[in-house]
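User: I'd like to learn how to read a few features of a protein model. Could you walk me through them, starting with burial?

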Amino acid sequence: MNLFDTHAHLMDSAYDEDKEEALKEAAELKLVINIGCDVPSSREALALAEQFPNFYAAVGIHPEEALKYSDEALKAIAELAKHQKNKAIGEVGLDYHWDVPKEVQKVAFEKQIALAKELKLPLIIHNREAHRDTLDILKACGAEEVGGVFHAYSGSAEMLDEVLVMNFYIGLGGVVTFKNAKKTVEVAKKVPLDRLLIETDCPYMTPVPYRGKRNHPKYVYHAAEKLAEIRETTTEEIINQTYENGRRLFKID
Ligand code: NI
């Protein structure tokens, strides 16, 4: 099975107790990208990628961690980004759910978009309750040059056009399996098949039937299964197509 979890956080302390087992099971997937949220977790994502051939990494400073942003932190991310198993800058973006000052988040976001362009790497976007500002900044910074993915896409089906035209893919995961996921189901119907990615965002966002438990890359299958049901196709087609899409976007041979 060509399962590709495009968004995992196996560095998270949620795996401390049984890390070896969790990593071993994740290594059974075809591909996994572990996503950094600050300098230390970005470094750890790369360490995991060195340990397992089918693991890759993304490095960046998450909007919730934007207070950790500094010129020095950016320099460290830029160095890590040159690692041959790093495939993207992320996750970066805006999160207005928590009270990290918007101006601080915007500076960190803009500088990391510039870094992605400089290194010709795609962006992994985290956008929570900040649709308009996220789109405006991506546009103003010319992010369409590198594109990337809106991870755990939470915008409307109408907003898709604006995202797609800037060369971004749509990452969908656990939410699509939730009972109240009306908006996400609409999105899942409308995304062009060649722009769809699947992800877990583990240890968070656990899909049904494991909702409430710790998430793991192996559960990405349940997102694929639900997407197949919504799009009236086979789970196998979703798995194979999202695998090809992910390899195309992240340039993985
Ligand atoms: Ni994440």
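Analyst: Happy to! Keep in mind that this is a predicted model. Burial is read from relative accessible area, with under 20% counting as buried. His9 has a relative accessible area of 5%, so His9 is buried. Asp201, at 11%, is buried as well.

User: Which protein atoms are the donors of the nickel ion?

Analyst: Look for N, O and S atoms within 2.8 Å of the metal. Here the donors are His7 (NE2), His9 (NE2), Glu91 (OE) and Asp201 (OD), lying 2.1 to 2.4 Å from the nickel ion. Along the chain these donors follow the spacing H-x1-H-x81-E-x109-D. His9 sits in the loop between β1 (4-8) and α1 (19-26), while Asp201 sits in the loop between β8 (196-198) and α8 (220-231), so this pair ties together parts that are 192 residues apart in sequence.

User: What arrangement do the 4 donor atoms around the nickel ion make?

Analyst: Check the angles. For four donors, tetrahedral requires all angles to lie between 85 and 135 degrees. The 4 donor atoms here subtend angles of 85 to 177°, and that makes the arrangement irregular. Do remember that water is not among the atoms, so sites may look incomplete.

User: Now helices. How many Å should helix α9 span, and what is the distance between its end C-alpha atoms?

Analyst: Helix α9 covers residues 235-250, which is 16 residues; at 1.5 Å a residue they should span 22 Å, and the end C-alpha atoms are 22 Å apart, in agreement.

User: Which residues of α9 are buried?

Analyst: First, the general idea: an α-helix has 3.6 residues a turn, so residues three or four places apart point the same way. In α9 the buried residues are Thr235, Ile238, Ile239, Thr242, Tyr243, Asn245, Gly246, Leu249 and Phe250. Viewed down the axis of α9, they fall within an arc of 170°, so they line one face of the helix. Just after α9, Lys251 takes a positive phi of about 50°.

User: And how many aromatic pairs are there?

Analyst: Ring centres within 6.5 Å make a pair, and the count comes to 5 aromatic pairs. In one of them, the rings of Phe4 and Phe250 have centres 6.4 Å apart and planes at 65°, so the pair is edge-to-face. Another pair, Phe150 and Tyr153, is tilted, at 6.2 Å centre to centre with 55° between the planes.

How values were computed:
Residues numbered from 1 in each chain as written. Predicted model: local features only at pLDDT ≥ 70, side-chain atom pairs only at ≥ 80, totals over all residues. Heavy atoms only, no water. Helix = DSSP H or I, 4+ residues; strand = E, 2+ residues; numbered from the N terminus. Expected span 1.5 Å × (residues − 1). Buried < 20%, exposed > 50% of the residue type's maximum accessible area, 1.4 Å probe, protein only. Arc of directions from axis to C-beta. Donors = N, O, S within 2.8 Å, 3.2 Å for Na, K, Ca; no water. Tetrahedral: all angles 85-135°; square planar, octahedral: opposite > 155°, others 65-115°. Phe/Tyr/Trp six-rings, centres within 6.5 Å; stacked < 30°, edge-to-face > 60°.
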